[in-house]
Amino acid sequence: MGTATRRMTVAQAVVEYLSKQYTVDQVGDREYRERLIPGTFGIFGHGNVAGVGQALKQYQQLDPAIMPYYQGRNEQAQVHQAVGYARHTRRRQTFAISTSIGPGSSNLLTGAALATTNRLPVLLLPSDTFATRAADPVLQQLEQPYAYDLTVNDAFRPLSRFFDRVNRPEQLFSAFHHGLRVLTDPAETGAVTISLPQDVQAEAFDVPAEFLAEREWRIRRPDADDDDIRRAADAIRAARRPLIIAGGGVLYAYANEELARFVELTGIPVGNTQAGVGVLPWDHPFSLGAIGSTGTTAANAIAAEADLIIGIGTRYEDFTTASRTAFQNPDVKFININVAPIDAYKHGTTLPIVADARKALVKLNEALGGYRVGADLEEQVSAEKKRWDATVDEAFDTRHTPLPAQNEIIGATNRAMDARDVVICAAGSLPGDLHKMWRVRDPFGYHVEYAYSCMGYEIPGGLGVKRAALAEAVASTTAAGGGRADVRDVVVMVGDGSYLMMHTELVTAVAERIKLIVVLIQNHGYASIGSLSESLGSQRFGTQYRSLNEEQHSFDEGETLPVDLALNAESLGVKVIRIEPGEKAIAELEQAIRDAKAAPERGGPILIHVESDPLLDAPSSESWWDVPVSQVSELDSTQQAYQTYTDHKSRQRKLLG
């Protein structure tokens with residue numbers, strides 16, 4: 001008896017297949033079952049307009065819930081939306097993105113790199129040239145004389161965790177089965193790219209019914225080996241000054257409550273990475289806050305003397321380790337708990353634990369019954385926390401006029417937001433300042449994309465988080481039997497440099513009437529790189545938005561550009577609140593954020609425009625980041641910077657342990 005089939009195009013089969021995929025996640029006693037791909041983004045052109053575009057239109061007419069379609073204004077920004085959504089849903093859901101061939105596809109590349117670097121899932125469906133080569137070369141086809149089967153989509157191979165090209169309809173089954181296997185694997189996830197030639201998308205074939213049936217993908221959460229836990233417990237008992245570095249893996253494993261239990265039982269303090277902000281509330285007695293180059297003086301002081309580092313769900317990025325200068329104890333050792341082996345084995349540790357963070361912490365709590373650090377460490381943790389909190393209070397409360405410091409703007413935004421609200425950022429000086437000073441109160445309250453630190457991520461990423469927050473509220477309302485659940489407000493903090501990179505998704509928010517609150521900080525240039533350039537002896541070269549000085553061919557000293565970004569946002573249909581410079585700027589900013597939060601949920605985006613002084617820095621982390629300085633130079637500033645660099649470089653360690 002033959003297997004039942006349906007006659008469909010490849011694109012129609014893809015869309016229906018994706019509508020039937022679910023993730024199932026068991027966290028303690030609670031099970032989550034959610035749709036893996038709740039919708040598809042697409043900008044249509046030749047390549048996908050008659051394939052995936054036709055399929056989406058067909059299913060929209062049959063039932064819009066099968067596969068909702070979402071517009072976007074830039075393919076890269078669509079990936080950022082999917083990544084923001086995936087982060088807030090703890091990697092259980094993401095979006096698919098369909099593009100045309102050529103530039104439509106290659107516009108996805110930065111987004112793919114960002115997703116893979118951040119270990120966040122996104123499904124990319126770039127269109128490709130003709131598999132049959134009936135039209136050869138087709139418009140926008142890249143031709144290479146040494147490899148005629150090469151297309152621009154091959155550029156996705158090093159940027160994706162999985163790549164395949166469907167040259168025949170029958171290849172659809174294995175491509176998507178293996179692609180979604182990677183997409184839903186906590187250790188392997190990232191960008192999954194399945195290239196779809198434009199002629200194959202429109203080709204009809206007989207699709208087996210089982211391919212179109214509902215399928216569940218269980219999130220793999222491996223348990224820790226008992227012997228590994230025993231060895232780790234022995235190492236912790238032998239340590240005098242242990243320190244935990246908590247990364248995003250703690251949040252993805254829903255391990256924050258188990259981490260709190262662990263530190264309250266043992267007294268071991270916690271420093272967190274950018275992705276790990278929210279593992280503990282900022283005022284938890286054992287939370288030292290951010291660690292590393294953008295860290296707090298509290299976390300870095302404890303790290304310098306630590307003899308045992310317990311890394312949980314971190315990939316040890318160079319900012320986290322202060323470019324391998326953070327840990328100065330000559331006997332420091334590492335226990336690395338991570339679901340991904342590549343991260344568990346970092347720094348040559350002899351104690352890697354390849355496991356889900358929550359499950360490992362449960363076992364460690366059992367194995368360490370009765371253990372507690374010495375009173376001297378607890379006293380130092382308390383003293384360092386008080387010192388840093390006073391530093392942040394001063395930074396938040398000092399008033400500069402006529403232009404405020406970025407510290408003051410962060411403080412006002414933090415005070416105006418509710419505990420469950422989410423702050424979004426990505427690149428420039430803001431991420432570092434937020435990392436060290438933001439006072440987080442909720443595990444979902446902080447999302448700064450810093451693995452790839454991609455300028456332009458902020459607005460589309462924030463829009464993705466807001467989509468997830470809206471879906472979260474609907475799910476909570478349903479679970480409560482109809483009682484209305486509050487929607488988290490999402491506040492994007494972005495500088496003018498990143499805003500100019502990719503602000504067009506504001507139009508998407510306008511079209512869908514999504515309330516996204518954007519705090520746009522205008523400082524007329526690249527403040528972060530300006531400060532870094534100055535510290536490296538390059539005198540803020542090329543980092544200011546100024547008119548061209550034709551005699552010197554310089555943009556460093558001309559007139560400030562007459563660009564009105566508030567007016568730009570208004571022209572896109574965004575409601576804009578302008579904060580005028582002066583003594584009342586911070587009070588007015590704080591009130592503006594409260595007013596924006598009080599606005600109707602489906603009233604569309606609101607942008608708050610405020611100017612700042614880019615030369616007023618945040619408090620020092622008393623740490624370092626390795627950016628090489630020219631060894632020889634005619635500039636005195638560079639010569640001095642190189643001497644400082646070599647002094648720091650002498651403290652850099654291999655960290656084998």
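The model is predicted: local features need pLDDT of at least 70, side-chain atom pairs count only at pLDDT 80 or more, and totals for chains, interfaces and linings use all residues. Residues are numbered from 1 along each chain as its sequence is written, and side-chain values use heavy atoms, with hydrogens and water left out.

**Entry 1: strand 12**

I note the terms here. Helices (H or I, at least four residues) and strands (E, at least two) are DSSP runs, numbered from the N terminus. Two strands pair if DSSP finds at least two bridges between them.

I looked up the partners of single residues. I244 has V270 as its bridge partner in strand 13. On strand 15 (residues 308-312), I312 stands opposite A246. Strand 12 and strand 15 pair in the parallel sense, over five bridges.

I then asked how enclosed strand 12 is. Buried means under 20% relative accessible area, exposed over 50%, and partly exposed in between (1.4 Å probe, protein chains only). Five of the five residues of strand 12 (residues 242-246) are buried, so the strand is largely enclosed by the rest of the structure. Both of its faces are covered: P242, I244 and A246 are buried on one side, and L243 and I245 on the other.

**Entry 2: helix 6**

I turned to helix 6 (residues 172-183), which has twelve residues. From its first C-alpha to its last this helix reaches 16 Å, close to the 16 Å expected at 1.5 Å a residue. The expected span is 1.5 Å times one less than the number of residues.

Which residues of helix 6 are buried? I found L172, A175, F176, G179, L180, V182 and L183. They cover an arc of only 155 degrees around the axis, which puts them on the same side of helix 6. The arc is that of the directions from the helix axis to the C-beta atoms. I recalled that an α-helix has 3.6 residues a turn, so residues three or four places apart point the same way.

**Entry 3: helix 22**

I examined helix 22 (residues 585-598) next. This helix has 14 residues and reaches 20 Å from its first C-alpha to its last, close to the 20 Å expected at 1.5 Å a residue. Its buried residues are A585, I586, L589, E590, A592, I593, A596 and K597. They cover an arc of only 160 degrees around the axis, which puts them on the same side of helix 22. The face turned away from that buried side carries the exposed residues A587 and A598.

What do the buried residues of helix 22 pack against? I found helix 15 (406-416), strand 21 (517-522), strand 22 (575-578) and strand 23 (606-611). Contact means heavy atoms within 4.5 Å.

**Entry 4: two buried loop residues**

I located N523 in the loop between strand 21 and helix 20 (527-535). N523 is buried, with a relative accessible area of 8%. Leaving aside its neighbours within four places in sequence, N523 is in contact with D496, S612 and P614.

I located R546 in the loop between helix 20 and helix 21 (565-571). R546 is buried, with a relative accessible area of 18%. Leaving aside its neighbours within four places in sequence, R546 has contacts that include H524, F555 and D556.

**Entry 5: backbone details**

I checked the peptide bonds and found that the one from D136 to P137 is cis, with omega near 0 degrees. P137 lies in the loop between strand 7 (122-128) and strand 8 (162-165). Q140 is also in the loop between strand 7 and strand 8. Phi of Q140 is near 75 degrees, a positive value in a residue other than glycine. At 36% relative accessibility, Q140 counts as partly exposed.

The peptide bond from T401 to P402 is cis as well, with omega near 0 degrees. I found P402 in the loop between helix 14 (375-397) and helix 15.

I also noted E622, in the loop between strand 23 and helix 23 (636-649). Phi of E622 is near 55 degrees, a positive value in a residue other than glycine. At 55% relative accessibility, E622 counts as exposed.
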